[in-house]
Amino acid sequence: MSRSYHARIKNPRLALGAGIALAVLLQLCGGWTDPYTTQVILFAAINVILAVSLNLVMGETGQFSLCHAAFMAVGAYTSALLTGKALPAMLPQLAWTGTSWASQLTFLPVLIIAGLIAAFAGLIVGGPSLRLRGDYLAMVTLGFGEIIRVLLQNTNAVGGARGMEGILPATNLFWAIGFAAVTLYSMIALVRSTYGRGFQAVRDDEIAAAAMGINTTRFKVTAFVIGAFFAGVAGALYAHAVEFISPEGFNFLRSFEIIVMVILGGLGRPVGVAVAAILITLLNEWLRDLSQYRMVVYALIIILFMIFRPTESLGPFFRRFLPKLPMGRTETKPDNAS
Amino acid sequence: MSAGHSLLEVRNCSLRFGGIAALTDVSIKIEAGELLGLIGPNGAGKTSLFNILTGVYRPTEGEILFEGGQVAGLPSHEINTLGMARTFQNIRLFGSLDVGMNVRTSFIARLRNGLINTVRRGRSFRSEEEEIQEEGHRLLSYFGLQHAALHPSRSLPYGDQRRLEIVRALATKPRLLLLDEPAAGMNPTEKEELKRLIARLRDEFGTAVLLVEHDMKVVMGICERLYVLDQGKVLASGTPEEIRANPKVITAYLGEDHGEVVG
């Protein structure tokens, strides 16, 4: 048992290395795609970050959050202000074009600050409201999402309802895929640990979890804040990929779209959720022609997934290729049995 | 633990929901390492007493002293970290976690490595995970559940699920273990096993046990002292022999007429 256990601990690091290597490789072999394909890949990576981070809140911890897009908005606007106004004002002698060295080198701290501000917003919403359960939490998060949107719409400094345009194109394949890999790694590493099982314990039975000494409120707030952090990073990446943001882009429907990815991928299965995020992104592109029917198609797909449960049949398929996962293997260590 | 304090002392506790009094002026004492039984007819307030002890409810009045410190009104997880663990009348295992993980959740509150170290997976994290793995495995082996460590907890037979709940509570290293009807739904063989298990908890782990149980054979067989609750009040306390001979207890269980006949 202990050998398979080690394999499980080390697995996510390999995935992280592979993901970052892929990100560097794709970036270095620039020019292999047209701008449209590049943008679709960027969206896919950003959606992976959003869905996998929401999965920690919804899938692992079982808290229904309807404001993931609002945290995305906080990150997007924070980073847009940083790269568009704060940095050029502080260091006017450097070239700030988005693709310039100055922009690229400062982009990592910008992303992290965007994430931290979003995480702070998550703390403010989550701290008091995660004492609520189920429907009430959904209502509070829905309300918070709307508050953020209305606040942005009425703040002229960030363009109000017109939004902000001319955001520097700093997001490239390296940042997007790299951060998707970091997110996926962090979530898998976090959940597959004794600490991480606390999230699932809270989801399964809050009263029993508390009786085992688990501070359930703290676990819920932690999940919420981590989720908000990565949503903020995703928002920053998004803003610098499309170069234009407006409050409407982060409304309830955007949150709903992320929820769809989490449900399609199978709640509590980070890899499945990442795959679903990529599929939904592609579906988005395929369904572009019938844009007003898109949500209808989404609903149909969810219903079909609920009926046929393809994620469950995909499970054994993945397991065959990851034979080290110790699921279902029985204990065979007689020396400890005494 | 400072000398002179009982392990647990409940002083004049009452619990009311609106006009309904679940507990009225209940006082009980448990000494370290004691096997104590709590019996009473249905609705007597046994589970209510458990719930105020473990922080699910705050008592309307009264004090609860654990090793001399006030715990009434503290949240459940803090009471657990002070050294009081419990099981539930209706089994509350973590259904999506396997048997081993269920036990390992008890170590979460006592982890040395926090969030950042967990994600970094450094040496300190790995050695701690190994320790927890071994400790969890040792506990499971001790109670004969090691073969099922990787099985889903829901797939266990009923008696094993109850046993797993006790192991999980024991893994938090309590000095007082509260067992809420552990024999419910068990067959006679499983009940005999349970009696031995509870005796081992005290003899080998030094844990005091407060046992709520309907099965008189189990309670009378292992408890050194009993409290009888009826309609939210302490009706009697004493050794199993004293309780068996107490006319008030017989009346409470069997009704007035029988009480007169027997008493």
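User: Let's begin with the overall make-up of chain A. How many helices and strands does chain A have?

Analyst: Chain A has 13 helices and 2 strands. Of its 338 residues, 48% count as buried. Among the contacts in chain A with a separation of 6 or more, 84% join residues 24 or more positions apart. Please keep in mind that this is a predicted model.

User: How should I read the packing of two helices, and at what angle do H2(A) and H11(A) pack?

Analyst: An α-helix has 3.6 residues a turn, so residues three or four places apart point the same way. Now the case at hand: helix H2 (residues 35-60) and helix H11 (residues 270-286) of chain A pack at an angle of about 140°, and their axes are 8 Å apart. H2(A) and H11(A) are therefore oblique to each other. The crossing of H2(A) past H11(A) is right-handed.

User: Which residues in H2(A) and H11(A) meet?

Analyst: On the H2(A) side, the residues are Val40(A), Phe43(A), Ala44(A), Asn47(A), Val48(A), Ala51(A), Val52(A), Asn55(A) and Gly59(A). Their partners in H11(A) include Pro270(A), Val273(A), Ala277(A), Ile280(A), Thr281(A) and Glu285(A). Sorted by class, the residues of the contact of H2(A) with H11(A) are 13 nonpolar, 4 polar and 1 charged.

User: H2(A) also packs on H6(A). At what angle do the axes of H2(A) and H6(A) cross?

Analyst: The axes of H2(A) and H6(A) cross at roughly 20° and come within 9 Å. That makes H2(A) roughly parallel to H6(A). H2(A) passes H6(A) in a left-handed crossing. From H2(A), the residues that meet H6(A) include Ile41(A), Leu42(A), Ala45(A), Ile49(A), Val52(A) and Leu56(A). In H6(A), the residues met by H2(A) include Leu173(A), Ile177(A), Ala180(A), Leu184(A) and Val191(A). The contact of H2(A) with H6(A) has 16 nonpolar, 4 polar and 1 charged residues.

User: Now for chain B. In what order do the strands of its open sheet lie?

Analyst: As background, strands of a sheet pair through backbone hydrogen bonds, either parallel or antiparallel. Chain B has 4 strands in an open sheet, in the order S2-S1-S4-S5, with antiparallel pairing. The edge strands are S2 (20-30) and S5 (69-70) of chain B, each pairing on one side only. Strand S1 (residues 8-17) of chain B pairs with S2(B) over 7 bridges. Phe17(B) stands opposite Ile20(B) in S2(B).

User: Where does H1(B) lie relative to those strands?

Analyst: H1(B) lies across S1, S2 and S4 of chain B, running at about 70° to S2(B). Because 7 of the 8 residues of H1(B) (residues 46-53) are buried, this helix is largely enclosed by the rest of the structure. The buried residues include Leu49(B), Phe50(B), Ile52(B) and Leu53(B). Just after H1(B), Gly55(B) takes a positive phi of about 85°.

User: Finally, the interface. How many residues does the contact take from each of chain A and chain B?

Analyst: In general, the size of an interface is often given as the accessible area lost when the parts come together. Here we can describe it by residues: 34 come from chain A and 39 from chain B. The elements of chain A that give two or more residues to this side are H1, H6, H7, H8 and H9. H7(A) supplies the largest share, 8 residues. The chain A side divides into 14 nonpolar, 14 polar and 6 charged residues.

Terms used. Residues are numbered from 1 along each chain as its sequence is written. Chains are lettered from A and ligands numbered from 1 in the order in which they are written. This is a predicted model: local features need pLDDT of at least 70, side-chain atom pairs count only at pLDDT 80 or more; totals for chains, interfaces and linings use all residues. A residue is buried if 20 or more other C-beta atoms lie within 10 Å of its own, exposed if 12 or fewer, and partly exposed in between; C-beta atoms are placed from the backbone. Two residues are in contact if their C-beta atoms, placed from the backbone, lie within 7 Å. Ala, Val, Leu, Ile, Met, Phe, Trp, Tyr, Cys and Pro count as nonpolar, Asp, Glu, Lys and Arg as charged, and the others, Gly among them, as polar. Axes are lines fitted to C-alpha atoms, for helices over the stretch in contact, and angles run from 0 to 180 degrees between N-to-C directions. Angles under 35 degrees count as roughly parallel, over 145 as roughly antiparallel, 65 to 115 as roughly perpendicular and the rest as oblique. A crossing is left-handed if the near helix is turned anticlockwise from the far one by less than a right angle, and right-handed if clockwise. Two strands pair if DSSP finds at least two bridges between them.
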